[in-house]
Amino acid sequence: MTYTKEERAVICLDSFGLDYSRKAKLYKLAPSAQALFENFRKYRPAVAETAGEETAGAMERSLADQEYTDRLLHMYSEKRIECVAFVSKKYPEELRQISDPPLVLYCRGNTDLLTERKFAIVGSRHTLPQVMKRTEEFAEGLSTEFVIVTGLADGGDSAALGGALKSGRVISVLAYGFDHVYPGCNRALLERVEEKGLAVSEYLPQEKPLPYHFPMRNRIIAGLSEGVLVVSGGEKSGTRITAAKAYEYGRDVFAFPYSIGIPSGAGCNALIKEYAKLTENLVDIYAAFGINLTETEKISLSAAEQAVYEILREGEAHISEIARKSGLRLHEVPIVLTMLEMKKLAVSCG
């Protein structure tokens, strides 16, 4: 990978392990990162005041070491990391416009996805099985028009990844560096994302998954995307942070509605009360972006399938209740349900 002088300067500036606030202040000290390093003696007092004497000394030593940046980029290359700096052509314009954009996006996978239209789908770890299935279907459908952006957590995020990975149009934003995987059980899932889509982090490879990284990560998910769909989340779920950031950035926010008394959907209902658009199907999202969704193939249902489908549209139902309402024999219902599941119109609640 070849980088311009300004890209190299930004990547070098990002390498000293500072928190976002201090990195941003350093970046604004001079007209450019390159100018900061070329006139470092002039800016050194301000650097020490902003980031501390230790950081100022480390930056000074990096300037004396002409191979510092080369070694840094070689290390990233060995780790299969491509750096997309704030000044890079591939840096997403949507992200550049937010109030606190990352200086560098560390990437594994297809960085061309950063330049396409993007839509976020987020959910909590505590997502119901039927909502997981629904989320996967939404992600698969939306990926025809958008690159799907999400995290890597179990639950809603992993369901979104599962749906979007079928096309490879997916970006997973991590809250730690690439030397780590969290949760560890999703290592194979992350490898699939890196192979077929794109994994992104603002953190140096060695940075661990610390609790305060996740809210910061959520601003990137919101900032990258034209809209955000919240599929699940409790009253205090991290998904509400993503939604709030999206709303702050002027993005459209959508949410699945839930019945009363379901804890994993309380956050979604609260968002709908405040500013989110109630979302039951893809048309609700596509219409907001002026996209015309036309069904190329109508799903054919038998009379029995249609009867059971109409019952399930009213909400969850036990097999005995379905038999009673539909007039089918009890042993006939499982066959019909299997057919509806194959046509992605029903899902087992367990």
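Helices (H or I, at least four residues) and strands (E, at least two) are DSSP runs, numbered from the N terminus. Counted this way, the chain has 17 helices and nine strands. What you see is a predicted model, in which local features need pLDDT of at least 70, side-chain atom pairs count only at pLDDT 80 or more, and totals for chains, interfaces and linings use all residues. Residues are numbered from 1 along each chain as its sequence is written, and side-chain values use heavy atoms, with hydrogens and water left out.

**Overall picture**

- Along the principal axes, a box of roughly 85 × 35 × 35 Å holds the C-alpha atoms of the chain.
- The chain has 350 residues, and 50% of them count as buried (under 20% relative accessible area; exposed is over 50%, and partly exposed is in between, with a 1.4 Å probe and protein chains only).
- Take the contacts (heavy atoms within 4.5 Å) with a separation of 6 or more: 69% of them join residues 24 or more positions apart.

**Charges**

- Lys and Arg count as positive and Asp and Glu as negative, while His and the chain ends are not counted; each charge is placed at NZ of Lys, CZ of Arg, CG of Asp or CD of Glu.
- The chain has 43 positive and 47 negative charges, and their mean positions are 2 Å apart.

**Cysteines**

- How many disulfides does the structure hold? There are zero, where a disulfide is a pair of cysteine sulfur atoms within 2.5 Å.
- Cys12 has its closest cysteine sulfur in Cys83, but at 11 Å this is too far for a bond.
- Cys12 is buried at 5% relative accessibility, whereas Cys185 is exposed at 57%.

**Aromatic rings**

- Rings of Phe, Tyr and Trp (its six-membered ring) pair if their centres lie within 6.5 Å; planes under 30 degrees apart count as stacked, over 60 as edge-to-face and the rest as tilted.
- This rule gives 12 aromatic pairs.
- One of them is Phe119 with Phe146, which is tilted because the planes are at 45°, with the ring centres 5.6 Å apart.
- Phe119 sits in strand β3 and Phe146 in the loop between α8 and β4, so this pair ties together parts 27 residues apart in sequence.
- Phe119 is buried at 0% relative accessibility, and Phe146 is buried at 0%.
- Tyr247 and Tyr275 make a stacked pair, with centres 4.0 Å apart and planes at 10°.
- Tyr247 lies in helix α12 and Tyr275 in the loop between α13 and β9, so the pair links parts 28 residues apart in sequence.
- Tyr275 is partly exposed, at 21%.
- Phe119, Phe146, Phe254 and Phe289 together form one aromatic cluster.
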